[in-house]
Amino acid sequence: MLQRRVRFSLADLVTSGAAGLLLVAGALAGVPKAAPGHFAMVAAAFLLPFAFAALRGRQPGHGSLLGTVAEFGPILPLLLVFDSLGPFIVATSSVDRDPFLAAADRLLFGGADPTRLLEPLMGPLLLEVLTVCYVLYYFHPIVLGALLWRDDVREKTPGLRFPGYVFGMLLVFYVSYAGYFLVPAIGPRFTIAHDGPLPRGAIARTIDETLDRLETNRRNCFPSGHTMVTIAVLVEAGRRSRKTFLGFFPFALGLVLATVAGRYHYVVDVVAGIVLAVVVDVASRAVVRRTPQEPDGTVLATSR
């Protein structure tokens, strides 16, 4: 039957929805002409969920080979969208909001810049540790996702938690990306006059240089996506077990501290990231509860 050939999940729907909105905005702003390669990458991100739905239909069931590919598949379109954001933001958002964010920080800290206040405390060893915590952001959602996926396969938890987790994490990422369009900013590293460069050691310098090469989008400060994702992971880790929460917590704390100490973000970016992470978590769980789903997490199929 056709119903078994195409099986969409909430992750598929939010991915295609976010990529589709980006395509429409980009087309209106002239991105296909200015950056055709990046526009094509977002178009691929829009289409990939349909392939995942087809794979899920061919071999349904949590833990099957094709089903597993489909379950972890949304990572690819997410990366394609993230790597393509720069030209879209430049085309649709012409004014950086760094002066507004810096002014908000000074209002909170009595006229001082938080990154300047932290300068006397930043030694090479502390910066090495904080920078390593900062880069671990890329692994937090994957590690927790793998644990939840294994739990579902082993049936250690009632029902399937992994599909809902993937949907929630994708929503966190895409909401943070929306913030980059609404409040484009490049961050205090480039806008605040500091006394000098941070005393980074070899590891921190290597990480910074690598991130600068890999991140083509510079206007990714507000909200702090690192903070949003990490807080969302902490919340879900706490739901899994106290041990899981404590395993992530010290690295998460180091990451949040690194966002400001490393001059990557304004404090208001971090505050916004924490608040939005909680809001998105509540919203995503409400959507999961209220959306009719199959036992394998699929929510939409073609008609019989």
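How many nonpolar, polar and charged residues are in the lining of the largest pocket? Keep that in mind while you set up the viewer.

This is a predicted model, in which local features need pLDDT of at least 70 and side-chain atom pairs count only at pLDDT 80 or more, while totals for chains, interfaces and linings use all residues. Residues are numbered from 1 along each chain as its sequence is written, and side-chain values use heavy atoms, with hydrogens and water left out.

**Stop 1: the largest pocket.** Select Leu78, Leu79, Tyr137, Tyr138 and Phe173, which lie nearest the centre of this pocket among its 40 lining residues. Its volume is about 890 Å³. (On a 1 Å grid over the protein atoms alone, a pocket is an open set of points with protein on both sides within 12 Å along at least five of seven lines, a cavity is a set where a 1.4 Å probe fits but cannot get out, and lining residues have an atom within 4 Å of a point; points are joined across faces, edges and corners, and a volume is the space filled by probe spheres set on them.) The opening count is 27 nonpolar, six polar and seven charged residues, where Ala, Val, Leu, Ile, Met, Phe, Trp, Tyr, Cys and Pro count as nonpolar, Asp, Glu, Lys and Arg as charged, and the others, Gly among them, as polar. H10 gives the largest share of the lining, eight residues. (Helices are DSSP runs of H or I with at least four residues, numbered from the N terminus.)

**Stop 2: H5 against H10.** Now show residues 75-92 (H5) and 162-182 (H10), whose axes come within 10 Å and cross at roughly 15°. Axes are lines fitted to C-alpha atoms over the stretch in contact, with angles running from 0 to 180 degrees between N-to-C directions. The two helices are therefore roughly parallel, a label for angles under 35 degrees, while 65 to 115 counts as roughly perpendicular. Display side chains including Leu78 and Phe82 in H5 and Phe173 and Tyr177 in H10, which belong to the contact (heavy atoms within 4.5 Å). By class, this contact has 13 nonpolar, one polar and no charged residues.

**Stop 3: the second largest pocket.** Pick Arg161, Gly164, Tyr165, Arg285 and Val288, the closest to the centre of the 25 lining residues. This pocket holds about 400 Å³ of space. H1, H10, H13 and H15 each supply at least two lining residues.

**Stop 4: H6 against H15.** Finish with residues 98-108 (H6) and 267-290 (H15), packed at about 90° with axes 8 Å apart. That makes H6 roughly perpendicular to H15.

Methods:
Parallel < 35°, antiparallel > 145°, perpendicular 65-115°, else oblique.
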